[in-house]
Amino acid sequence: MTEDNKTGKPGRGRPRKEGIDTAILDAAIRVLATEGLEGFSVAKVAAEVSTAKATVYSRFPTRMALIGAALTHLRVDNVPEPTDDVRSDLVELLEHMTADYERIGGLSLTGSCLATEKRTPELLETIRMSTFLPRRESFLRVLRAGQDRGQVRADADLEQAVSAAVGAYYADHLAGRPTDGDWAARVADSVLRGIAVPGLARTRPSEAKLGQR
């Protein structure tokens, strides 16, 4: 085996099938979400992509290297662009988050990393850096902008507000409560009741428009 192969890089002169790396990583995420870490195997990932195990190993030399690369591959993409209304932005972010989690099996992935935290703490740290913290930052950015516009109190604990918003999904899912329909709007209103300037949390943009008619 060449030094390149030991580090998970392709051997010199070996042609690559276009897009195979991304396909392997996407498949690894799906297998992690459905099988967990205990049931995860290179063979299952290869079968998911309809390729040979050797193809996977030529890019990711070990099972753990593939798992780490898959978790790093997770990204918070296509985040909605902020507007000038903090409530609308919070609702958009919450809807985007729930759709993302359901698409990739985010709760299952998180549960798998937590279940093996003592044995493989690096996996939880990887998913924390690739998705959890970037997602929190997108919420913080919206709330800071709300402060700048005078919609959110200057003394509000924004970190705690983000934990309340993001954590609501975990709590409601575990409690068996639905997270579709107007769930995002209800969570946004609940969070804003604690941090918005007086009057903002009680008047939704849609209600304000109705009152002007």
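**Close-ups of a predicted model**

View 1. Gln151 counts as buried because its relative accessible area is 13%, under the 20% cut-off. This is a predicted model, so keep that in mind for every view here. Gln151 sits in the loop that links H8 and H9. Its side chain makes a polar contact of 3.0 Å with the side chain of Arg149.

**View 2. The largest nonpolar core.** This core has 58 residues, and the ones touching the most other members are Leu66, Leu94 and Phe139. At least two residues each come from helices H2 (20–39), H3 (42–49), H5 (63–73), H6, H7 (106–115), H8, H9 and H10. H2 is the top contributor, giving 10 residues.

**View 3. Helix H10 and what covers it.** H10 takes in residues 183–195, so its 13 residues should span 18 Å at 1.5 Å a residue; the end C-alpha atoms lie 19 Å apart, which agrees. Which residues of H10 are buried? They are Trp183, Ala184, Ala185, Val187, Ala188, Asp189, Val191, Leu192 and Ile195. In an α-helix there are 3.6 residues a turn, so residues three or four places apart point the same way. The cover over the buried residues of H10 includes helices H6 (86–104), H8 (121–148) and H9 (158–174).

Conventions: Residues numbered from 1 in each chain as written. Predicted model: local features only at pLDDT ≥ 70, side-chain atom pairs only at ≥ 80, totals over all residues. Heavy atoms only, no water. Helix = DSSP H or I, 4+ residues; strand = E, 2+ residues; numbered from the N terminus. Expected span 1.5 Å × (residues − 1). Buried < 20%, exposed > 50% of the residue type's maximum accessible area, 1.4 Å probe, protein only. Contact = heavy atoms within 4.5 Å. Core = buried A, V, L, I, M, F, W, Y, C linked by side-chain atoms within 4.5 Å. Polar contact = N/O pair within 3.5 Å; in protein donor to acceptor, adjacent residues only side chain to side chain.
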